Amino acid sequence: MIRIKAVDAQNILDVCELSTNQDRIGTTRESCSCCNAISIAETKYNAEMHPNAIYNNNALIGFFMYQRAENQTDTATIYRFMVDDRFQHKGLEQEALEHILRGLKIQGVKKVALIIDNANEHAKGLYLSAGFHFSEKIDQTKCRYALEL
């Protein structure tokens with residue numbers, strides 16, 4: 001069963017040790033994004049960012065961070081979504097994403113946006129299967145996708 005918990009003093013170190021790298025060696029540049037520690041640090045300078053740990057039963061499996069602007073509370077932008085390498089390709093990414101989207105909808109979010117690195121075909125497939133659609137090209141390497149809840 002997927003469960004979401006805010007990153008706090010009890011889980012921050014474990015969240016920072018999660019990695020998408022197959023060698024399990026965390027770096028400031030993960031295979032498809034930056035490390036969780038940098039993302040969590042960003043939240044200390046932007047109160048609209050919300051870092052969260054993803055659990056399956058009691059096992060920490062991932063991390064996601066989203067932004068909700070005070071003047072646009074019906075919109076959320078997911079800036080980070082990752083599942084640790086040990087838990088990938090087990091259907092947990094899809095289950096976690098669905099749980100996240102349900103939770104955002106309960107909070108009153110009506111539109112979710114995210115940015116995908118064009119080279120990350122796995123993420124693109126995951127988001128398209130969840131109902132996201134191409135919205136706009138950001139630059140040569142990134143595109144924005146959106147979903148109406």
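Some ground rules before the details. The model is predicted, so local features need pLDDT of at least 70 and side-chain atom pairs count only at pLDDT 80 or more, while totals for chains, interfaces and linings use all residues. Residues are numbered from 1 along each chain as its sequence is written, and side-chain values use heavy atoms, with hydrogens and water left out.

I will speak of helices and strands throughout. Both are DSSP runs numbered from the N terminus: a helix is H or I over at least four residues, and a strand is E over at least two.

Let me start with helix α3. It covers residues 92-106, which is 15 residues. The expected span of a helix is 1.5 Å times one less than its number of residues. For α3 that gives 21 Å, and the end C-alpha atoms are 21 Å apart, so the two agree.

Which residues of α3 are buried? They are Leu92, Glu93, Ala96, Leu97, Ile100, Leu101 and Leu104. Buried here means under 20% relative accessible area, exposed means over 50%, and partly exposed is in between, using a 1.4 Å probe and protein chains only. Back to those buried residues of α3. They cover an arc of only 165 degrees around the axis, which puts them on the same side of α3. The arc is taken from the directions from the helix axis to the C-beta atoms. As background, an α-helix has 3.6 residues a turn, so residues three or four places apart point the same way.

The face of α3 turned away from the buried side carries Lys105 and Ile106, which are exposed. Glu98 also belongs to α3, and at 36% relative accessibility Glu98 is partly exposed. Glu98 is 96 residues from Ile2 in sequence, yet their C-alpha atoms are 9.6 Å apart in space. After α3 comes Gly108, with a positive phi near 100 degrees.

Next, the strands. Strand β4, residues 75-83, pairs with strand β5, residues 111-117, in the parallel sense over four bridges. Two strands count as paired if DSSP finds at least two bridges between them. Ile78 is opposite Leu114 in β5. Together β4, α3 and β5 form a right-handed β-α-β unit. Right-handed means that, with the strands pointing away from the viewer, the path from the first strand over the helix to the second runs clockwise.

Strand β5 has another partner, β7, residues 142-148, and these two pair in the antiparallel sense over seven bridges. In that pairing Lys111 stands opposite Glu148 in β7.

Now the charged side chains. How many salt bridges does the structure hold? There are four. A salt bridge is a side-chain nitrogen of Lys or Arg within 4 Å of a carboxyl oxygen of Asp or Glu. I will go through some of them.

One joins Lys5 and Asp8, at 2.8 Å from N to O. Lys5 is partly exposed at 27%, and Asp8 is partly exposed at 24%. Asp8 sits in the loop between β1 (2-6) and α1 (12-17). Its C-alpha is 8.7 Å from that of Asn52, although the two are 44 residues apart in sequence.

Another joins Arg86 and Asp84, at 2.7 Å from N to O. Is each of these buried or exposed, or in between? Arg86 is partly exposed at 43%, whereas Asp84 is buried at 0%.

A further one links Arg144 and Glu136, whose closest N and O atoms are 3.0 Å apart. Arg144 is partly exposed at 23%, and Glu136 is partly exposed at 36%.

The cysteines form zero disulfides, a disulfide being a pair of cysteine sulfur atoms within 2.5 Å. For Cys16 the closest cysteine sulfur is that of Cys35, 7.1 Å away, which is too far for a bond. Cys16 is partly exposed at 28%, and Cys143 is buried at 7%.

Last, two backbone angles. Asn57 is not a glycine, but its phi is positive, about 60 degrees. Asn57 lies in the loop between β2 (49-56) and β3 (59-67), and is partly exposed at 49%. His89 is not a glycine either, and has a positive phi of about 60 degrees. His89 is in the loop between β4 and α3, and is exposed at 62%.
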